[in-house]
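Please keep the sequence and the structure at hand while reading.

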Amino acid sequence: MASGIVTPKYVSDFSCIGPDCEDSCCIGWNIYIDKQSYKKTVAHRDLKTLAKTAMKKIKRSDDKWAIIRADSDGACPFLDVNRLCKIHSLAGEDTLSDTCKTYPRTSLVKEGDKYQSLYLSCPEAARLILFSPDAFMFERKESGLKNLLSTSPLWASKTYDNSIDLLLNEHLSWQQALLAIGLLINTADKVWGNEVDADQLDIRLEQLMLLAEKGVLQEQYKTLAYADKHQVQAFATIHGMFIDVHPRRDGERFKTVNDAISTLLNDDKTVDIDKINHAWNTIASPALEEHGDIFKRYILYYIYHEYFPLTLGDAPQSAFRLLVLDCFMLRCYLAVIAHKNNGLSESDIHLCFQVYHVVRQHKPTFIKGATAMMEKFNFSSVAGIISLLKTGV
Ligand code: SF4
């Protein structure tokens, strides 16, 4: 069969908002320039003078041939007074580096098709993914190319499909759906380790759907422990990492989140997770009801975008732990902002998700740090990792 291109509506609707962007990708990032773009820019009549000071040749690879030297505000010097790119306006799109040409677009190949997506770190992409009513309408078109050579293992495609079925189960909240996905992942781990056959994943799905219908999973979720110490360790480690590596940690958006966290610290400046969870229960969670099931929407994006559970190319359990950790951090960010603003507006929700993904989706050190933290604090069982989501006894 000819290969296809799968495009969700959030991708086809995307268009860069340039000067109106509240967190432009042309400010505060390391922008790499590929060899071809570098050569064209330095040779361009109207750009060569600026290029001499704005670009630094590093020759790390053809893709990372040069790097942009940001100005004193951290902005790309090729931005004009209207915050539009001079390389684009004076030399045309062809001269842009691949990074600038494609961001926030990305894609991956699975089952012979190309699946298109957007990074949630781009504010306009985040708006579409989180709030556009038809964001998750998918279209598949023939690409005209021969089948792309990429087939994923059966366990991966089954776990991917079955995770979506559990997520969308109407009987389950997003937290309970994550518990169900965790139980499916236990089976996926066994298939991955060649202990059982991939058909077990469909049998497990049927069992879990039945348990959801009977309310058993919901009861099981209730009985999970409230592990406040684990939550403190996870939150302090991950947010501490954000303070160190967030490319715009001095920017207004990151500071908004950070300042909100400061209002909920203990006197000795340690994290007071009980206060954060109280803010979640009393302000954030009720406020989110007005905005649909934002977490189910986010997890659907996540499963699709990362091709969960192939997220890390490792055991399914590792991908699951990371998914729950991401949801936990976002829940905490939403809780602190809700506490500060006594509610959550659409722009508050947008801020939390977008700011988080600037690090989550672009800093390779994040995965390393998060994995090390979960190993150090022994987040090994499904119950252990899901307990991050509990907000009280
Ligand atoms: S972050 Fe997104 S919307 Fe903003 S300037 Fe970059 S591509 Fe455009």
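How do the residues of the shell around the ligand divide into nonpolar, polar and charged?

## The ligand shell

The model discussed here is a predicted one. In the shell around the ligand, 8 residues are nonpolar, 1 is polar and 2 are charged. The residues around the ligand include Cys-16, Ile-17, Cys-21, Asp-23, Ser-24 and Cys-25. Tyr-103, Pro-104, Cys-122, Pro-123 and Glu-124 also belong to this group.

Two of these names return in the description of the backbone: the peptide bond from Tyr-103 to Pro-104 is cis, and its omega is near 5°. Pro-104 itself is placed in the loop between α5 (98-102) and β5.

## The second largest pocket

The second largest pocket has a volume of about 270 Å³. Its lining consists of 17 residues. Nearest the centre of this pocket lie Tyr-119, His-305, Glu-306, Arg-360 and Gln-361.

Both strands and helices contribute to the lining: β5 (105-110), β6 (113-118), α14 (294-306) and α17 (364-376) each supply at least two residues. By class, the lining of the second largest pocket comprises 7 nonpolar, 7 polar and 3 charged residues.

The axes of helix α9 (residues 200-213) and helix α10 (residues 216-223) come within 5 Å and cross at roughly 80°. With this angle, α9 is therefore roughly perpendicular to α10. On the α9 side, the contact is made by Leu-208, Leu-211 and Ala-212, while α10 provides Val-216, Leu-217 and Gln-218. Of the residues in the contact of α9 with α10, 5 are nonpolar, 1 is polar and none is charged.

Helix α15 takes part through Arg-321, Leu-322, Leu-325 and Asp-326. Helix α17 takes part through Phe-366, Ile-367, Ala-370, Thr-371, Met-373, Met-374 and Glu-375. The contact of α15 with α17 holds 7 nonpolar, 1 polar and 3 charged residues.

## Backbone details in the loops

Where is the cis peptide bond that involves Pro-309? This bond joins Phe-308 and Pro-309, with omega about 5°. Pro-309 is found in the loop between α14 and α15 (316-341).

Asn-194 is located in the loop between α8 (174-192) and α9.

How values were computed: Residues numbered from 1 in each chain as written. Predicted model: local features only at pLDDT ≥ 70, side-chain atom pairs only at ≥ 80, totals over all residues. Heavy atoms only, no water. Axes fitted to C-alpha atoms, helices over the stretch in contact; angles between N-to-C directions. Helix = DSSP H or I, 4+ residues; strand = E, 2+ residues; numbered from the N terminus. Parallel < 35°, antiparallel > 145°, perpendicular 65-115°, else oblique. Contact = heavy atoms within 4.5 Å. Nonpolar A, V, L, I, M, F, W, Y, C, P; charged D, E, K, R; others polar. Near = heavy atom within 4 Å. 1 Å grid on protein atoms, 1.4 Å probe; cavity = no way out; pocket = protein on both sides within 12 Å on 5 of 7 lines; lining within 4 Å. Points joined across faces, edges and corners; volume = space filled by probe spheres on them.
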